[in-house]
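Student: I'd like a close look at one part of this protein. Could you walk me through a cross-link and what sits around it?

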Amino acid sequence: MGLLVLGSLAGAGSASADGDDVHHQGGAVATLDGLKTFDSARIHTGNGKTQSVSAGLFEMNVQGGGRLQTYCIDIHNPTQKKAKYLETPWGQTSLGSNKDAGKILWILRNSYPQAGDLNALAQKAGAGKLTPQTAAAGTQVAIWRFSDGAKVEAKNAQAEKLADWLEAQAQNLQEPKTSLTLGPNAVSGKSGEKLGPVTVHTDADKVSVTADAGVAAGVKVTDKDGQPVTSAVNGTELYFDVPAGTSDGTASLTAKTTTQVPVGRAFASASKSQTQILAGSTESTVTATATANWAKKGAIPSVTAEKNCTAGGIDVKVSNAGDSDFTFELAGAEHTVAGGDSKTVTVPVGEDEAYDITVTGPNGFSERFQGVLDCETQGTPPPGTSGGGETPPATPSPSPSEDTAGGTTGDTTGGTTGETTGDTTGGTTGTTTGGGDLAVTGSSSATPMIAGIAVVLVAAGGAAMFFLRRKKAAGQ
């Protein structure tokens, strides 16, 4: 019994961490691999106190193939080990309300790793000699000054000179194009019509387009003239061509390509893990999907959702391409959309809170959206820390047990001081100290509690089995 309940808890945790993210309109999906190239920095937290952190480049593995290098733009939140990240528009992150977001993009394009000649970079910045570790640290420090408004400095003198030069030179640039998205990613209509358009937005030269398995006979993906489409470019409009008389149903299409994700694209986590911004990419696989619902008559709904950082919630848009009203339930309230109309409902969600939103309607209609709303750089203070005045502990550094390119070892001392020693390629060492319990990358505060529950459940299960066997033996 104990093992069975433990398995249920583990499954629930996994589902919550991954989430469906069915409202993700496309782009790269990646898993955090850890902080790989870094040196030390010092944050001034107020009241004359400072906190040491590791500052530098993270790496991620792209789902489907490829690698990403990223910097943190959310200094007060820790990273979660193996967190799932989604390519996300600036407006759905803290960058949307940051007047200096474009300066961060300038830094990314003009510093390490995009500026691969470290001697030339050091000469421009008057920074003497730079290593990959000090260049990464200086770049991260400059980014934090714009992303978080942090009072932060690199411990290495040459890294600090680079940070100062980048901060002084930075200019506001426009948000880069998406690697690949489809908009909208859900459409509806009557059979006998072309349903759409679904517009392709991409930075790649070309993407492949395929109808997913299970498409009803005769349903095709076409352009507006009804010609079949198997490839597309930026701006291409796609349609689901549903022949008259086709039984009520649904279909989906997938756009896919291999490309370098544009530098400066934001990556938000599907769990509570610090937001990242792209500094470099190998050729990576990116995909986007869109769905269509059709019927011969009645209500024909489609639903999309996206984060609204300005309103502090999730915008759920319900469209009805049918000829009768569609009544649905959302967040405990009932709403109605007339035929040929649409309605957007903003569901309030607290900062850093997980959301699980379901739209339900007649005949078993259900659409579910999950994720975490992370629109601000100020993370939720860990238990035992003050929510105001003093900056919460920040540790955008690898877990003491996490391996980096060259090995990482660490010892975290309880109480008010923690120390993490990291050795990357080149022998960089970083120390982390600060008030309160440090939030360590790759760990979760729930882990000890879960472990404790597991022990109790296993013991209970064993005891139950023991008494059941004794009872059976006595009966025999």
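This is a predicted model: local features need pLDDT of at least 70, side-chain atom pairs count only at pLDDT 80 or more; totals for chains, interfaces and linings use all residues.

Tutor: Let's start with the link itself: a disulfide joins cysteine 309 to cysteine 375, with the two sulfurs 2.1 Å apart. That falls inside the cut-off for calling it a disulfide, which is sulfur atoms within 2.5 Å. By this rule, the count comes to 1 disulfide. Look along the S-S bond and you'll find an angle of -75°, so the link of cysteine 309 and cysteine 375 is left-handed.

What does the pair tie together? Cysteine 309 lies in the loop between strand 17 (301–308) and strand 18 (313–320), while cysteine 375 lies in the loop between strand 23 (366–372) and strand 24 (408–411). The pair therefore ties together parts that are 66 residues apart in sequence. Is cysteine 375 buried or exposed? With a relative accessible area of 8%, cysteine 375 is buried, because buried means under 20%. Another cysteine, cysteine 72, is buried too, with a relative accessible area of 0%.

Now step back to asparagine 308, which lies in strand 17. Asparagine 308 has a relative accessible area of 18%, so it counts as buried. Its side chain reaches the backbone nitrogen of alanine 311 at 2.9 Å. If you skip the neighbours within four places in sequence, asparagine 308 is in contact with Gly313 and Asp315.

Valine 263 has its place in the loop between strand 13 (249–260) and strand 14 (266–269). With a relative accessible area of 16%, valine 263 is buried. Which residues does valine 263 touch, not counting those up to four places away in sequence? They are Leu105, Leu108, Arg109, Gln114, Pro176, Leu278, Ala279 and Gly280. Serine 281 is 18 residues from valine 263 in sequence, and their C-alpha atoms are 7.6 Å apart in space.

Strands of a sheet pair through backbone hydrogen bonds, either parallel or antiparallel. Strand 7 and strand 16 (residues 283–295) run parallel and are joined by 5 bridges. To see where they line up, find valine 187, which stands opposite alanine 292 in strand 16.

Terms used:
Residues are numbered from 1 along each chain as its sequence is written. Side-chain values use heavy atoms; hydrogens and water are left out. Two strands pair if DSSP finds at least two bridges between them. Helices (H or I, at least four residues) and strands (E, at least two) are DSSP runs, numbered from the N terminus. Buried means under 20% relative accessible area, exposed over 50%, partly exposed in between (1.4 Å probe, protein chains only). A polar contact is a pair of N or O atoms within 3.5 Å; within protein, one must be able to donate a hydrogen and the other to accept it, and residues adjacent in sequence count only if both atoms are side-chain atoms. Contact means heavy atoms within 4.5 Å.
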